[in-house]
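Here's a quick briefing to read alongside the coordinates. Take a look at the model, then skim the notes below it.

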Amino acid sequence: MTTLVTGGAGFIGRLLVKALVEHGHDVVAIDRVECSEAPCLNGAEYRSLDITDRVAITDLIDAVRPERVVHTAAVVGVAASVGSGLLPTIQVNIAGSVNLFEAINSIGSVRRIIDLSSEEYYGTFAADPLPEDAVAAPVSPYGISKFAVERLGGYYAETAGLPYVAARLCWVYGPDFPRTRLPEPWLHDIAEGRNSILEKGGEQRIDFTHIDDVVRGILLLLEAETLEHRAYNIGTGAAYSIRELAAVLHALRPSWNAVVGGGRLDLSPGVEAVTKGAYDLSRIQHELGYEPRVSLREGLERNLALIEERIRSNQQERNKND
């Protein structure tokens with residue numbers, strides 16, 4: 001059973017690759033970074049390849065002929081989609097996905113493709129908790145690109161039988177998260193003995209989802225014999241405001257304090273987050289038995305302990321060399 005993971009050197013991709021190998025999959029992981037720059041991929045085959053290269057992705061799919069595909073490669077996040085300009089987001093997220101869909105259709109051996117989507121697909125949450133059939137009205141370039149890819153996946157499913165399924169994630173966090181999005185900056189502030197200031201955003205509510213729960217949810221979707229729907233929320237089913245996030249962190253490390261302004265969060269300068277909330281998980285729970293296992297408190301404690309341990313180890317190493 002060969003499984004292809006696009007974006008396999010990324011935050012979600014590399015942990016998913018590890019879990020797939022442990023589940024007995026033969027894994028081929030691709031990413032645009034050179035092999036020497038890719039993190040350990042735990043027994044998977046790694047190939048340096050850009051998803052926007054249609055010839056390269058077509059040749060790869062034809063050579064590997066995977067049975068399953070998990071598509072994680074993307075320009076990720078609202079801030080990145082705004083900061084990099086719209087064209088790279090379209091090229092990678094939309095055109096790159098179409099390259100993959102076309103290549104998969106050409107071989108006919110793929111039994112399922114799981115495409116990682118986002119809560120930004122919905123835009124402003126029309127309900128709380130939010131089900132998959134809620135109205136989608138994305139506003140950011142990132143959300144619009146995810147909406148477009150899902151619609152195109154549906155088009156290929158209806159016209160060519162593409163076995164497409166979207167996994168809609170929400171504010172994934174975990175060890176070595178590569179972006180400066182909360183809670184990551186606050187974890188580093190705590191570990192390095194700094195208090196934190198956030199000028200606005202205290203009322204923003206988010207379904208913070210630990211990477212371990214995300215990987216388990218993707219595996220359930222990927223390995224299920226049959227699926228009844230084309231899209232599934234993966235989250236915790238509970239939302240915390242940024243103020244509540246600060247309170248959880250303060251309880252873990254009482255010496256730390258944060259000054260948090262009100263209103264909605266700025267995702268990048270001048271780009272305010274839309275109103276969000278909790279995901280409704282009824283679909284994946286009833287169909288596949290998914291239940292989130294990592295509470296926000298536990299996930300934050302794990303991440304914080306890891307960062308603190310690394311700081312101690314680095315300090316000890318410096319002391320040895322002095």
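Leaving aside neighbours within four places in sequence, F11 is in contact with V172, Y173, G174, P175, D176, F177, P178 and I211. Keep in mind that this is a predicted model.

**Around F11**
- F11 belongs to helix 1, which covers residues 11-22.
- With a relative accessibility of 10%, F11 falls under the 20% cut-off, so it counts as buried.

**Positive phi values**
- As background, most residues other than glycine have a negative phi, and most peptide bonds are trans.
- D176, which is among the contacts of F11, has a positive phi near 65° without being a glycine.
- You'll find D176 in the loop between strand 7 and helix 6, and its 38% relative accessibility makes it partly exposed.
- R65 is another non-glycine residue with a positive phi, this time about 50°.
- R65 sits in the loop between helix 2 (54-64) and strand 4 (68-71), and at 39% relative accessibility it counts as partly exposed.

**Cis peptide bonds**
- D128 and P129 are joined by a cis peptide bond, with omega at about 5°.
- The loop holding P129 runs between strand 5 (112-118) and helix 5 (141-160).
- L182 and P183 are also linked by a cis peptide bond, and omega there is about 10°.
- P183 lies in the loop between strand 7 (172-173) and helix 6 (184-191).

**Helix 8 against helix 10**
- The axes of helix 8 (residues 242-252) and helix 10 (residues 296-321) come within 10 Å and cross at roughly 55°, which makes helix 8 oblique to helix 10.
- The crossing of helix 8 past helix 10 is right-handed.
- On the helix 8 side, the contact uses L245, V248, L249, A251 and L252, and these meet L296, R297, L300 and E301 of helix 10.
- Sorted by class, that contact has 7 nonpolar and 2 charged residues, with no polar ones.

**The whole chain**
- The chain has 10 helices and 15 strands.
- Its radius of gyration is 20 Å, close to the 20 Å the globule rule gives for 322 residues, so the chain is as compact as a globular protein of that length.
- The C-alpha trace spans about 60 × 55 × 40 Å along its principal axes.
- Buried residues account for 52% of the 322.
- Of the contacts between residues at least 6 apart in sequence, 77% join residues at least 24 apart.

How values were computed
Residues numbered from 1 in each chain as written. Predicted model: local features only at pLDDT ≥ 70, side-chain atom pairs only at ≥ 80, totals over all residues. Heavy atoms only, no water. Axes fitted to C-alpha atoms, helices over the stretch in contact; angles between N-to-C directions. Helix = DSSP H or I, 4+ residues; strand = E, 2+ residues; numbered from the N terminus. Parallel < 35°, antiparallel > 145°, perpendicular 65-115°, else oblique. Left-handed = near helix turned anticlockwise from the far one by under 90°. Contact = heavy atoms within 4.5 Å. Nonpolar A, V, L, I, M, F, W, Y, C, P; charged D, E, K, R; others polar. Rg over C-alpha atoms; globule rule 2.2 N^0.38 Å. Buried < 20%, exposed > 50% of the residue type's maximum accessible area, 1.4 Å probe, protein only.
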